[in-house]
Each structure stands twice: as structure tokens, then as C-alpha cells.
Amino acid sequence: MPPADRRVQVPPNCDLTLGMVCVDKSEPGRTVWRMVADDRFANPVGLVQGGFLSAFADSAMGAASVTWARDRKVFSANAELKISFLKAVPAGTSLTCTAWVLSGGARAAFVEAEVTDGDGRLVAKASSTYLLTPRE
């Protein structure tokens, strides 16, 4: 059931554009997402451009911060993001992103994510701070 708040679009256009699908959000503060890095995301040599991997991690981490807030209705805004690209990702690769909240309070959540390829190899590691504001 979609949220009653018209300011909230689920799923958001950014996730639809990337082809992201949430496959697990059963544990508060942890989400798992999948997508196929299609040719539209490739640089001239056929590897996925890092910004798309960053967007994938950002969406997964943002969702983890919202599930971590549990019964509180919040907006979650990324305040900063760091990502390390560990392996090249060819276009067409199936990717999984697992994100989890490390710590947080009423106004902020500190989140990490790992992006793996179809063989389970770590291709990127990200961390971010999300600012949480109440939505009523």
C-alpha cells in the first residue's frame, strides 16, 4: 500500500530508472537490493560508471535509514557519502547492495553498504550520514 503522504513516492523515480528492486527489508535498519547494470550505465569502455554504483548504494542506505526509524515517520536526506570502488563492473552485471545502519539517534543515522557482483565479489563499499526529519 503506498504512503498516504503525497510528498512520498514509492518506489521513487531514481530506483525505477536504475531498475532497483528491494528483495529484503525484514530487519529494521537493513535492506537488500538488486539491479542489473545495463548498457545505459556504461562508460566508453563498457564498465559501469561510478556514479550509478553510488546512486545504487545511496538508495539502499536511505531506505535502511527509514526502516531503522521504525514507527517514526521520517524524511531521510543524505548529508554526505563516501564510496570506494574496488573492482571494475562490466555492463550487464547483476548487482546486490546490502545496507545497514551502524548507529544513530533522533536526527541522524550512520549507514554503510556493500555492493557485490553476481559471483559475490565485493565491488564497492559505501558509507553515509542521513539526516532524519519528522514528517507528519
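Ser84 has Lys125, in strand E6, as its bridge partner. Strands here are DSSP runs of E with at least two residues, numbered from the N terminus, and two of them pair if DSSP finds at least two bridges between them.

This is a predicted model, in which local features need pLDDT of at least 70, side-chain atom pairs count only at pLDDT 80 or more, and totals for chains, interfaces and linings use all residues. Residues are numbered from 1 along each chain as its sequence is written, and side-chain values use heavy atoms, leaving out hydrogens and water.

Lys125 is also the bridge partner of Glu114. Strand E5 (residues 108–116) and E6 are antiparallel, with nine bridges between them. Five residues separate these strands in their hairpin, where Gly120 has a positive phi near 80°.

Another hairpin is formed by E1 and E2, again with five residues between the strands, and there Gly29 takes a positive phi near 85°. Strand E1 (residues 21–24) runs antiparallel to E2 (residues 30–36), joined by three bridges; Asp24 is partnered with Val32. E2 also pairs with E4, antiparallel over seven bridges, and Thr31 has Ala99 in E4 as its bridge partner.

The loop between E3 and strand E4 (94–104) contains Thr93. Thr93 counts as buried because its relative accessibility is 14%, buried meaning under 20% relative accessible area with a 1.4 Å probe and protein chains only. Leaving aside neighbours within four places in sequence, Thr93 is in contact (heavy atoms within 4.5 Å) with Met35, Val36, Ala37, Asp117 and Gly118.

Technical notes. Helices (H or I, at least four residues) and strands (E, at least two) are DSSP runs, numbered from the N terminus. Buried means under 20% relative accessible area, exposed over 50%, partly exposed in between (1.4 Å probe, protein chains only).
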